[in-house]
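User: I would like to learn how to read the features of a structural model. Please take them one at a time, with the general idea before the case.

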Amino acid sequence: SCTFHVKVIDVEPPSIDWCRSPPPMQVSEKEYPAVWDEPQFSDNSGAVLLITRSHSPGDLFPHGETVVRYTATDPSGNNRSCDIHIVIKASPCEVPFTPVNGDFICTQDSAGVNCTLSCSEGYDFTEGSTEKYYCAYEDGIWKPPYSTEWPDCAIKRFANHGFKSFEMLYKATRCDDTDLLKKFSEAFETTLGKMVPSFCSDAEDIDCRLEDLTKKYCLEYNYDYENGFAIGPGGWGAANRLDYSYDDFLDSVQETPTGVGKARSSRIRRSAPLSNHKIKLVFNITASVPLPDERNDTLELENQQRLIKTLETITNQLERTLSQEPMYSFQLSSEILVADSNSLETEKAFLFCRPGSVLRGRMCVNCPLGTYYSLEHSVCESCLLGFYQDEEGQLECKLCPAGTYTEYLHSRSILECKAQCKQGTYSSNGLETCESCPLGSYQPAFGSRSCLLCPENTSTVKRGAVNISACGVPCPVGEFSRSGLTPCYPCPRDYYQPNPGKSFCLSCPFHGTTATSGTRSIADCSTFGSTFSAAEESIVPRASPGHIKKKYEVSSQVFHECFLNPCRNSGTCQQLGSGYV
């Protein structure tokens, strides 16, 4: 013989069947006795759950938000919690949030509330943020409407980078060769790039550089045009487009020469002596000065002013440099390109911010929490769903941990990454806290916002069904099956089942007997008398909060393999020890 023991360990926590917060309550009293629908739980064990709660309905709650926590624990120690949010408002127009590093300054009148967002010293909003808000008492709705994208304040520092744009012409006998243009611009950048740092040598802490990706145009002088010049076929295209972090200022350097719109095919090319080419280069020289380790607005303003002054004085040095070798002429293969000494043009110097912050006046403001700096659009953009950002001035958002997601854009913390609803559960946003699918429905997908109804005239026998296979016709009272669905078998003699859709029968208490099979009530047991009431039938109670005591079960749940009449050809089934023969 062989004997062994099987120990089944329950590691599955209870299911949440109902967990919903009440709407905000507006009262004039300082404290209010709030009430709500209490959460409901169930467990795979079918046992009574121990429910604890931090507050009870009817307790007094102060103004603001209070979290009421319910925790259900099964006999194996597994637990699941549900948080109820109680919000008590004194006015329909209470400010819905406080910005990070800032606050609301509000004034009230008889019609509503006007608020202005204000930042703490050393902080600011990014350009384009809405700073003024209004709420009418009549409807209690803020304009613009409240959302998670209402702005926060972020650190601001004096801009410590600047740039100055220049244009220069070089004479050429031809320039309609894109390869020639490319080689020339590379030679120009390499040669001038080595010389530019010396332009700022008078100020030891200011670093000057030539920006890469010089723009180049081919200009062809042609007597058929009124102004003489037009862009030739070797002009730069989208592939050469500059991608500066200070695109706000690019308008000043992207002017297209007059005549660009005239089609080349309409030109009548004359003999070579009547055609003269020039290459127009557009380039930027940038300068930067380090920020002090500790914030010092006075010093940072002085450094910024020196930075702009240095950039403005570069023009004279650049003119001298371009009129002398090695910048005056370049020889590429058989082509010689010579500088047009009087053609240097410039714009005024501009401030700019490095990626991660945006310019506002003279200041660079970090992209705030919940956002990242978009290199494509040169602005701070909200983190997308499934991402968050808990640091300022970042170039990308952080991905939520696997299996979690965010409910809104602009998430500021990893705590906003919530687990997606599992199979057989749902919620209004597809994220925790989730409720089990009610009877008659199922859900095979993760992150669902609703459950799917069973086909007509079918149902499920348990909440939280995962697949349509769980749908069927429930067993009627007095009958059972392994699944609780048809085909069903009547409870054998001495057993009964008062509920539909069950996978077990209940034994009559104290070895009682029944007159027939398929018995539906404990009242049919021979041992039933005045000592027991019908309410004592072993129906698994729905777990509800309060002082829960362990009840004595007058009947026990029994599933007997012989109940299903497994033997054929007049064979009999009998229990032998813990098995069957």
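User: How much of the protein chain is made up of buried residues?

Analyst: Buried means under 20% relative accessible area, exposed over 50%, and partly exposed in between (1.4 Å probe, protein chains only). Of the 581 residues in the protein chain, 41% are buried. This is a predicted model, in which local features need pLDDT of at least 70 and side-chain atom pairs count only at pLDDT 80 or more, while totals for chains, interfaces and linings use all residues. Residues are numbered from 1 along each chain as its sequence is written, and side-chain values use heavy atoms, with hydrogens and water left out.

User: How many helices and strands are in the protein chain?

Analyst: Helices (H or I, at least four residues) and strands (E, at least two) are DSSP runs, numbered from the N terminus. The protein chain has three helices and 42 strands. Contact means heavy atoms within 4.5 Å. Among contacts between residues at least 6 apart in sequence, 57% join residues at least 24 apart.

User: How many salt bridges does the structure hold, and where does Glu312 find its partner?

Analyst: Side chains of opposite charge can pair when their charged atoms come close. A salt bridge is a side-chain nitrogen of Lys or Arg within 4 Å of a carboxyl oxygen of Asp or Glu. The structure holds 17 salt bridges. In one of them, Glu312 pairs with Lys164, with the closest N and O atoms 2.8 Å apart. This pair links distant parts of the chain, 148 residues apart: Glu312 belongs to helix H2 (residues 297-312) and Lys164 to strand S15 (residues 161-172). Glu312 counts as partly exposed because its relative accessibility is 35%, whereas Lys164 is buried at 3%.

User: How many aromatic pairs does a search of the whole structure find?

Analyst: A pair of aromatic rings is described by the distance of the centres and the angle of the planes. Rings of Phe, Tyr and Trp (its six-membered ring) pair if their centres lie within 6.5 Å; planes under 30 degrees apart count as stacked, over 60 as edge-to-face and the rest as tilted. The search finds 19 aromatic pairs. Among them, Phe97 and Tyr146 form a tilted pair, at 6.0 Å centre to centre and 45° between the planes. Phe97 lies in the loop between strand S8 (79-89) and strand S9 (102-108), and Tyr146 in the loop between strand S13 (142-143) and strand S14 (154-158), so the pair ties together parts 49 residues apart in sequence. Phe97 is buried at 14% relative accessible area, while Tyr146 is partly exposed at 42%. Tyr146 also pairs edge-to-face with Trp150 (5.1 Å centre to centre, 80° between the planes). Trp150 counts as buried at 3% relative accessibility. Ring pairs link Phe97, Phe104, Tyr133, Trp142, Tyr146 and Trp150 into a cluster.
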